[in-house]
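Reader: I would like a close look at one part, the surroundings of the ligand. Please take me through that part step by step.

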Amino acid sequence: MLAGKNITVGVTGGIAVFKVAQLVSSLTATGAAVRVMMTKSAREFVTPLTFQTLSGRQVYTDLFERPAGGSVQHIDLASGSDLIILAPATANIIGKIAGGIADDLISTVVMAASCPVIICPAMNVNMYNNRIVQRNLAILGDQGYHFVEPGLGRLACGTEGRGRLAELELIMDKIEAIFANEGDLQGRSVMVTAGPTVEPVDPVRYLTNRSSGKMGYAVADAAARRGARVVLISGPVELRPPAGVEVVPVQTAAEMHAAVLDNFSAVDVVIMSAAVADYRPRNTAAQKIKKHGETMTIELEKNPDILAELGRIKKQQLLIGFAAETEDLERNAQKKVAAKNLEMLVANDVTLPGAGFGTDTNIAKLIFPDGRIVSLPKMDKLALAHRILDEVLVLLK
Ligand code: C5P
């Protein structure tokens, strides 16, 4: 999503500069063109060489430096940026921007820019709580500047409180949110299922699978960022719920079945990425099963195939399924599209490195009922989520 974007990072003088080295490295890895500007104080902490090496580009430090060709550096940087991030942003740079002061490269570039600006404050807790700093932040908020709030915790000065530079993950989330296809799913409702189901054997044991929920959570996140109303029916996972998404937690396939049917009539799109258990123990023992004998048998009975049922009862809804395969991917996937009456199936070979359960990336093929197959390269699950939603948008039309 960030590939090809021109992202300019303004680094000001706080101890959190060292964390921004990682941010610049991560941003560069997305394929974005990352330019770094540093203030004089930032250079007291880290030299430009660090950022030059990580971004693979010249680092800008001087307002009065003339690039070859005679153009004006701060105007070039301002007009050539799709996004500016200030991290760490000191009380000083926040005050200068809020006060309309442009006396160095970063403050001048920000003043000349018309692209979105994300400010990531980092400073001592008393400075952050200072009413003048808070007033400046409020002024900038009213003017449409974006923020990633500092975190709580131990600060470099030895005190505790709010002031640590936000986690890099949150900063990356914010950057992606700026570029996501804002609003193209406005007015649509999407139901997503995610994660495994757990099928109890007795009060302490259960049958489950390796699904992490990452793919479904990425789809829910992406759909919400694109303006859809999103309900996420989630099996037990270790993931932070995406912002702005209604989460319905479930345990068993039977609970997922009930929750999906509850919501089905009110949605336009269903994206079933959950790894629903096909079978459950016929009987759940009321007490912990004691060990005896060398072997033991658990009798299983079939769970409802939720997606197949939706395929039979659907009206206007688009149905998107997922299929994790370990062999003969395309043929199996095509059979499923027909058998479950789907508009699209996202099939992946879970044996490939970088695909399937637990990873942050996936390698998928999109299979359509007319026989069309789109083979996608390995990509981040959030990027794949957006790719799936791009197809959903076409199908909705
Ligand atoms: O048939 P298979 O399990 O491979 O199909 C996978 C698709 O069907 C997934 O989208 C999954 O969420 C859904 N499914 C379901 N109910 C089941 C099993 C799978 O909805 N009991």
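Author: Start with a term: a polar contact is a pair of N or O atoms within 3.5 Å; within protein, one must be able to donate a hydrogen and the other to accept it, and residues adjacent in sequence count only if both atoms are side-chain atoms. This is a predicted model, where local features need pLDDT of at least 70, side-chain atom pairs count only at pLDDT 80 or more, and totals for chains, interfaces and linings use all residues. Residues are numbered from 1 along each chain as its sequence is written, and side-chain values use heavy atoms, with hydrogens and water left out.

Now the contacts. Proline 304 has a backbone N or O atom 2.9 Å from a nitrogen atom of the ligand. For isoleucine 306, a backbone N or O atom lies 3.0 Å from a ligand nitrogen atom. Leucine 307 has a polar backbone atom 2.9 Å from an oxygen atom of the ligand. On its own, the ligand has 450 Å² of accessible area (Shrake-Rupley method, 1.4 Å probe). The protein covers 88% of that.

Two elements give two or more residues to the shell: helix H12 (306–313) and strand E17 (318–325). Both are DSSP runs, numbered from the N terminus (helices: H or I, at least four residues; strands: E, at least two).

Helix H12 also packs with helix H11 (residues 253–264), at an angle of about 25 degrees and with the axes 10 Å apart. Axes are lines fitted to C-alpha atoms, for helices over the stretch in contact, and angles run from 0 to 180 degrees between N-to-C directions. So H11 is roughly parallel to H12 (angles under 35 degrees).

Definitions and conventions. Parallel < 35°, antiparallel > 145°, perpendicular 65-115°, else oblique.
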